[in-house]
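I opened this model to take notes on its chains, their helices and their contacts. The entries follow the order in which I looked things up.

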Amino acid sequence: MRAYAWLIPVFPLLSFFLIVFFGKRLPRKGHEIGILAIAASLLVSLGVFFQQIAHSEQTYERSVTWFRFGEGGRFVELGVHIDGLAAVMFVVVCTVSLLVQIYSTEYMRDDVRYTWYYACLSLFTGSMLNLVIANNLIQLLIGWEGVGLASYLLIGHWHEERANSNAAMKAFITTRIGDVGFMFGIFVLFWAAGSFNIAHITSVVAAGGVARGTLTWAAVLLFCGAIGKSAQVPLQVWLPDAMAGPTPVSALIHAATMVVAGVYLVARMYGVFNASPAALNEVAIIGAITMVMAAGLALVQDDIKKVLAYSTISQLAYMVAALGVGAYTASVFHIWTHAWFKALLFLGVGSVSHAVHSFSMSKMGGLRKQMPTTFKTYVIGSLALAGLFPLAGFWSKDDIIGGAYHAARAGSSVGWFVFLAALATAFLTAAYVARMIALTFYGKPKYDPEHVHPHESPKAMTGPLVFLAFMAIVSGFLGLPGKLNLFADWVRFGEVEHSFNLALAGVSTLLAVSGLYLGWTIFRMNKVRIDLARSPLAWFYTLLQRRYYFDDLYFNGIVHPISGPIARAAYWTNQKVLDAVINFAGAAAVSLGKGLYNGVDQPIIDGAVNGLATGAGAAGNGLKFWQTGNVQIYAAGLFVGIAVFVGVFLIRS
Amino acid sequence: MPVAPVLVLSSFLFSVGIYGVLARRNAVLVLMSIEVMLNAVNINLVVFNLLLRSISYIGQVFALFVITIAAAELGVGLAIVILIFRNRATVSIDEVSLMKW
Amino acid sequence: MQQVVFGIVAALIVFAAVRLVTTRNLVHGALYLLGVLAGVAILFLLFLAEFVAWVQVLVYIGAVVVLLLFGLMLTRAPIGHMALDSQTRPLAAVVALATFGITSTIVWKAFKGQTIHFSKPDTVNTLGEAIFSRYVLPFEIVSVVLLAALVGAVVLARKEE
């Protein structure tokens, strides 16, 4: 089955083209192809997955050379690289993508661009799978850019609204800034190791063939791409705005799959990162800062999707920080569990918004009675996110906390930083989760009863919710501590790590429960919320409301100057300098033409021609006097001519 | 007798004929001058016949033909002169020069 | 003996020819032409071309001069003196002199030492034989030319209806 692994990204990419060309003519407007393709990929993925975990020591790699360049036999290849990490990612991406596509048949019903939506979903899935399956950095980069493109297209799906296209642009440009570093990282590695092949690079690095300084640079640059794609500080600003896209898109791309591409990249290139402690420290610190910051922001959002967006940033930071402290398996395990419950939460939000036609929590309330299935699955997902035993989030989050503690105890001060940040974030996570549930499903209904009649969503939407809730419950059991840790068998770097710590698990559960309680009590009682605005912590509240002024900084510091003075300067240069050159060239050509015309063409050439004519006329005028009409003159001419002829003959003979 | 003076005579006659053709104003006089030229040619022919008697009589035969042609040409020429006179009431060569610039 | 005759006749011809081209009286001109023609006929006789001589007399003197006189009459030639020379006189003199100079020089140089021997004159017999055997084609053509000239002259001079 592994020999057919290359089909996994091919099916969705093929379906992209088929939907683009034939989608509109099909009876269901193209989603048949999309769902069929992803189902096929899922089947192949499951086959590959089971085959891989049966031989979890082996990695499988095949490739073909795409093109050669330069001297010295350098080449770019296309290939597949299957190990535990890739196999797990296949299953996650294909399953979530399939669920999202089924969900979208109902959510996006009667949408203005239904077919194109499915085409973009297929494009995204194909690119993501290509990214995962890649055995070399160039192919990974292609997949990376592909998912960025698909994200842009899907965020701006309803581009009739200016805000949506602006959000898409913001996402694309922000990740682009990270991509610059990413590409430079690729170049550094190529220059140092002589190849783009990841396995090759890893082996060269492991053998000590690359200098420490170079490795640090390469790792830091690669991580720039991860910062952009996985929305870490300072490039996290795009993810909340990306919620402008359709909710299933947010579920697929900005929760479960695309944003984890950055984490996946670091995990893939862990050989390089592991050899550079400085880079790992940077990774850990950024992760730690981000996780706390984002969790704080999630606490004050009114838009429920933005709560989930910041939650995603925070959870991604968990994964990033885990990699930073060496907890490789824990990080990937968290990718696995997070995908299920975050997708569940987003799709649940979609279901709620379908009922109340709004994402604003101040317009919801008391929905648990009208939407029981949504409510139940949503609670399961939220508690998994908060990390409550025995749901999935508990196991993976505690693995990370344990890993941080382990590193801290081993003497790393960064490890302590990460450990404390992780504990604080667990608390905050539970708090905002409770707030979210309280505002949405409990309390007095705050929506307008005249126009809004909430009801449970159709089966196509609740079905995926139920399945995901099931996964949110059981997926954690793959990572049970000790001998039962199947996941660690499949996905590890070097030795199996032992991150789970019972005492720590107890501490984190305590934090989670207290966070839940705090969140519940504070936000169940609305009047407390109002007081917050006037309390001594008001400045803090404002700081959170303004998102730590990140957006203001970027907008006023970067965007505004560029769009204002710099743009004006560029325009001035263009008009005065460049256009002047061109206009001057044009005027010079014109005057040259005029000069040539007046100086050369008219007098000389036309003069020559006219002169010939005038000359002929003048000659005729001069010669006409010979035409005397007098016959005797003509006869005289005759005789003179004869005499001349005779004379010539005489002389010659 | 030497033949050269005869030939000089004929060339003189010829030149006189040329002068007459070119210089005379009356068309009929021009025709007369043409006759003079033709006679000069005839003298030549006959003298050459004397020189070439053993070979053929071409000289005299040719002289006969020249006379014939001269007569024919004179007839036509006079017809033209009369025609001009009928149209222009003049036979002065100077005055029939319409085909000029 | 022949030289003397030749000299006299030559002088005659020259005189007549020169007077022809210089006279201001048209009829005198015709007379002078007659003189030239007669002199030439005598020369023919001298040079043993009897038939040609008498044909000259018949055709030229008999017909041509009469024809010319008719022409003079029909064109109301003024009787008496008149200016008969055109403006081209100097040019004509030059051309005539040039022609004379060139041709006489050639001729003199070419035939300087040659002489002619007089013997029996040619009979009409031999001439006729020559014409009708060897030169019959030119003869026929000339007769056609005559015919054409005749018809042409009649057509040209016809009175218009």
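I take helices (H or I, at least four residues) and strands (E, at least two) as DSSP runs, numbered from the N terminus. With that numbering, A:P390 is found in the loop between α16 and α17 of chain A.

**Ground rules.** This is a predicted model, where local features need pLDDT of at least 70, side-chain atom pairs count only at pLDDT 80 or more, and totals for chains, interfaces and linings use all residues. Residues are numbered from 1 along each chain as its sequence is written, while chains are lettered from A and ligands numbered from 1 in the order in which they are written.

**Cis peptide bonds, chain A.** I went back to A:P390 for its backbone. The bond from A:F389 to A:P390 is cis, with omega near -10 degrees. I also noted the bond from A:V233 to A:P234, which is cis with omega near 0 degrees. A:P234 sits in the loop between α8 (212-229) and α9 (238-241) of chain A.

**Positive phi, chain A.** The loop between α8 and α9 of chain A also holds A:A231. A:A231 is not a glycine, yet its phi is positive, at about 55 degrees. Is A:A231 buried or exposed? I call a residue buried if 20 or more other C-beta atoms lie within 10 Å of its own, exposed if 12 or fewer, and partly exposed in between, with C-beta atoms placed from the backbone. A:A231 has 30 C-beta neighbours inside 10 Å, so it counts as buried.

Next I checked A:D110, in the loop between α3 and α4 (114-133) of chain A. Its phi is near 65 degrees, a positive value in a residue other than glycine. A:D110 counts as exposed because it has 5 C-beta neighbours inside 10 Å.

**Chain A overall.** I found 25 helices and 2 strands in chain A. Of its 653 residues, 50% count as buried. For contacts I use this rule: two residues touch if their C-beta atoms, placed from the backbone, lie within 7 Å. Among contacts in chain A between residues at least 6 apart in sequence, 80% join residues at least 24 apart.

I then looked at confidence, given as pLDDT, the predictor's confidence in each residue, from 0 to 100. Chain A has a mean pLDDT of 84, and 94% of its residues reach 70 or more. Where is confidence lowest in chain A? It is lowest in helix α22 (residues 526-534), at a mean of 51, and highest in α5(A), at 93. Where pLDDT is low, the predicted coordinates should not be read in detail.

**Helix pair α5 and α6, chain A.** Helix α5 (residues 137-155) and helix α6 (residues 162-193) of chain A pack at about 170 degrees, with axes 9 Å apart. Axes are lines fitted to C-alpha atoms, for helices over the stretch in contact, and angles run from 0 to 180 degrees between N-to-C directions. Angles under 35 degrees count as roughly parallel, over 145 as roughly antiparallel, 65 to 115 as roughly perpendicular and the rest as oblique. The angle therefore makes α5(A) roughly antiparallel to α6(A). Residues in the contact include A:L141 and A:Y152 of α5(A), and A:F172 and A:I186 of α6(A).

**Helix α19, chain A.** Helix α19 (residues 459-474) of chain A has 16 residues. Its buried residues pack against α3 (84-107), α15 (328-356), α16 (372-386) and α17 (392-409) of chain A. Among those buried are A:M461, A:P464, A:L468 and A:M471.

**Chain B and its partner.** Chain B has 3 helices and 0 strands. Of its 101 residues, 57% count as buried. Its contact with chain C takes 63 residues from chain B and 73 residues from chain C. α3(B) gives the most to the chain B side, with 21 residues.

α2(B) packs against helix α2 (residues 26-46) of chain C at about 10 degrees, with axes 10 Å apart. The two helices are therefore roughly parallel.

I ended on B:L50, in helix α2 of chain B. B:L50 is buried, with 20 other C-beta atoms within 10 Å. Not counting residues up to four places away in sequence, B:L50 touches C:F47, C:L48 and C:I116.

Methods. The expected span of a helix is 1.5 Å times one less than its number of residues.
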